[in-house]
Amino acid sequence: MDEFYLPEDVVEWICLKKSEYLSRLIENVTQSDFQFEDYSRYDDLIPSTLSVPDWSVEVMEDGFKLKTFCRQFHDQVSFHQMVIGVLVEDQNKKDVFVPIISFVTKDELLVKIFSGGKLPRPTLN
C-alpha cells in the first residue's frame with residue numbers, strides 16, 4: 001500500500017475518541033474481567049477479529065464513519081475481542097480502517113455498551 005497520511009483534524013478526533021473509550025472502559029470494567037495489562041496478550045487475535053468477525057457494525061459519529069468488529073473466542077474461558085476504528089478515505093477514495101481501541105472482555109454487558117446498547121445479530125452466510 002502507498003503511504004497514507006491522516007489529516008490533523010482526524011488525528012485530533014481519534015485521540016479524543018480514544019480518551020472517551022478508555023474512560024468508558026475504566027468506568028465499566030469489573031474486577032473479574034480482563035484488566036488493561038492483559039489486553040496486549042491478545043493482540044495476535046486482532047487480524048482474525050477484523051477478517052472474520054462474529055459481527056460488525058458501522059455508525060456515523062461527528063461526521064466520521066466508525067466501525068466496530070467483535071469476535072468471540074473460546075480458550076480456557078470464553079471471551080470477546082472488540083476492535084473499534086474509523087474509516088478514513090484515502091487519495092483513491094477507498095476506505096482505510098484506522099484502529100482507535102481494542103480490548104478483550106468476558107463481560108457481555110461491556111460488549112453491549114460498546115455496541116451501541118444492544119448486541120447485533122451475527123451475519124448469516
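With which residue does Arg24 form a salt bridge, and how far apart are the closest N and O atoms? In this predicted model, the partner is Glu20, and the closest N and O atoms are 2.8 Å apart.

**Figure 1. The salt bridge between Arg24 and Glu20 in helix 1.** The two residues are four positions apart in helix 1, about one turn of the helix. Arg24 is partly exposed, with a relative accessibility of 24%. Glu20 is likewise partly exposed, at 33% relative accessible area. Through salt bridges with shared partners, Lys17, Glu20, Arg24 and Glu61 form one network.

**Figure 2. The salt bridge between Asp95 and Lys65.** The N to O distance in this pair is 3.3 Å. Because Asp95 belongs to strand 4 and Lys65 to strand 2, the pair ties together parts that are 30 residues apart in sequence. Asp95 is partly exposed, at 41% relative accessible area, and Lys65 is partly exposed, at 28%.

**Figure 3. The salt bridge between Glu89 and Lys93.** The N to O distance here is 3.7 Å. Glu89 is partly exposed, at 46% relative accessible area, whereas Lys93 is exposed, at 63%. The structure holds seven salt bridges.

**Figure 4. The largest nonpolar core.** This core comprises 29 residues, of which Val86, Ile100 and Phe114 touch the most other members. At least two core residues come from each of helix 1, strand 2, strand 3, strand 4 and helix 4. Strand 4 contributes the most, with six residues.

**Figure 5. The surroundings of Phe114.** Apart from its neighbours within four places in sequence, Phe114 is in contact with Tyr21, Arg24, Leu25, Thr68, Met82, Ile84 and Phe103.

Notes:
Residues are numbered from 1 along each chain as its sequence is written. This is a predicted model: local features need pLDDT of at least 70, side-chain atom pairs count only at pLDDT 80 or more; totals for chains, interfaces and linings use all residues. Side-chain values use heavy atoms; hydrogens and water are left out. A nonpolar core is a set of buried Ala, Val, Leu, Ile, Met, Phe, Trp, Tyr and Cys residues joined through side-chain atoms within 4.5 Å. Buried means under 20% relative accessible area, exposed over 50%, partly exposed in between (1.4 Å probe, protein chains only). Contact means heavy atoms within 4.5 Å. A salt bridge is a side-chain nitrogen of Lys or Arg within 4 Å of a carboxyl oxygen of Asp or Glu.
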